[in-house]
Amino acid sequence: MTLVRDHGIVLRTYKLREADRIVVLMTSEHGKVRAVAKGVRKTTSRFGARLEPMSHVALLLYQGRTDLDVVSQAETVDHFRAIRDDLDRLGKAMELLEAVDQVAQEREADPGLYRMLLGGLRSLAERDAPLLVPAFFFKLLAAQGVGPQIDACVSCGSDGPLVAFDLVEGGALCRTCRRGVPISPEALEVLRMVLGGGLSAALAAPDSPTTQEVSLLATRSFEQHIERRMRTVGALGLH
């Protein structure tokens, strides 16, 4: 067995036998990792509370020949208390975790994805921005090479005006090619801000019909990419 050190964010956990738990982590250097935390469900566990979803931890892992590593040590870097104490933020954090879990590849290093998730959680801890989750989804799609085309018609290449959005084509459409769902000029401008370097300004936007339009479009676009419904979207009934 090989002993490795890394940092990771807990994406989810599930029970194993009577006292153990399998922990799924997005790590800095080893991609998505599944590891057994032995005895972690016992009240006497040394690091049970440290390995909960969303926890940012410094890890010591034993890597063996199986698909499962073994957690030897876990020290909390950030528990994101501001998120855990706010039900709305907690729901949004679960959406970030599920999205990364869906696209991350096991044991394939992706430090950019790890940093994106960590940055998203830190931003959410600082401010409950209405567009944080939608922006994260669109940024994640762009990082996967399937970001939406929003500067010209995805079908004919026309400069517009662009009036619709096709989830299958992955972009905006002009009046001649229109199909899919309508998209407002305001929503298009927000998408351009998110994907074109104006993320800070987009995150400062208050809740509005435009942010709600972008949020729905982001969710539907991401679900189209992963070909399934997101379990956590709106799970707490808050948005």
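**Helices, sheets and cores**

Guide: Helix H2 lies across strand E1 (2-16), E2 and E3, and runs at about 115° to E1. Helix H3 (residues 111-126) packs on the sheet as well, where H3 touches E1, E2 and strand E4 (56-63). The direction of H3 makes about 60° with that of E1. Bear in mind that this is a predicted model.

Visitor: In what order do the strands close into a barrel?

Guide: The order is E1-E2-E3-E5-E4, 5 strands with mixed pairing. Neighbouring strands of this sheet are turned by 50° against each other on average, ignoring direction.

Visitor: Which way do E2 and E3 run?

Guide: Strand E2 (residues 20-27) and E3 run antiparallel, joined by 6 bridges. Leu25 has Val33 in E3 as its bridge partner.

Visitor: Which residue in the hairpin of E2 and E3 takes a positive phi?

Guide: Gly31 does, with phi near 70°; the hairpin has 4 residues between the strands.

Visitor: And how do E3 and E5 pair?

Guide: E3 pairs with strand E5 (residues 69-78) in the parallel sense, over 2 bridges. Here Ala35 has Asp69 in E5 as its bridge partner.

Visitor: How many residues of E3 are buried?

Guide: In strand E3 (residues 32-37), 6 of 6 residues are buried. In a regular strand, side chains alternate between the two faces of the sheet. For E3, one side has Lys32, Arg34 and Val36, the other has Val33, Ala35 and Ala37, and all of these are buried.

Visitor: Switching to the cores. Which residues touch the most other members of the largest nonpolar core?

Guide: Leu117, Leu121 and Phe222 do, in a core of 56 residues. H4 gives the most to this core, with 8 residues.

Visitor: What does Leu117 touch?

Guide: Leaving out residues up to four places away in sequence, Leu117 touches Ile9, Leu11, Met26, Leu96, Leu97, Val100 and Phe136. There is also a second, separate core of 14 residues, with Val10, Val33, Leu51 and Ala74 among them.

Visitor: Back to helices. At what angle do the axes of H2 and H4 cross?

Guide: Helix H2 (residues 87-103) and helix H4 (residues 132-143) have axes that come within 10 Å and cross at roughly 10°. Angles under 35 degrees count as roughly parallel, so H2 and H4 are roughly parallel to each other.

Visitor: Which residues meet there?

Guide: From H2 there are Lys92, Glu95, Leu96, Ala99, Val100 and Val103, and these meet Leu132, Val133, Phe136, Phe137 and Leu140 in H4. By class, the contact has 9 nonpolar, no polar and 2 charged residues. In soluble globular proteins, nonpolar side chains tend to be buried together.

Visitor: One last topic, the open sheet. Which strands form it, and in what order?

Guide: 3 strands form the open sheet, in the order E7-E6-E8, with antiparallel pairing. Strand E7 (171-174) and strand E8 (181-182) are the edge strands, each pairing on one side only.

Visitor: How many bridges between E6 and E8?

Guide: Strand E6 (residues 162-166) and E8 pair over 2 bridges, in the antiparallel sense. The bridge partner of Phe165 in E8 is Val181.

How values were computed: Residues numbered from 1 in each chain as written. Predicted model: local features only at pLDDT ≥ 70, side-chain atom pairs only at ≥ 80, totals over all residues. Heavy atoms only, no water. Axes fitted to C-alpha atoms, helices over the stretch in contact; angles between N-to-C directions. Parallel < 35°, antiparallel > 145°, perpendicular 65-115°, else oblique. Contact = heavy atoms within 4.5 Å. Nonpolar A, V, L, I, M, F, W, Y, C, P; charged D, E, K, R; others polar. Core = buried A, V, L, I, M, F, W, Y, C linked by side-chain atoms within 4.5 Å. Buried < 20%, exposed > 50% of the residue type's maximum accessible area, 1.4 Å probe, protein only. Pairing = 2+ DSSP bridges.
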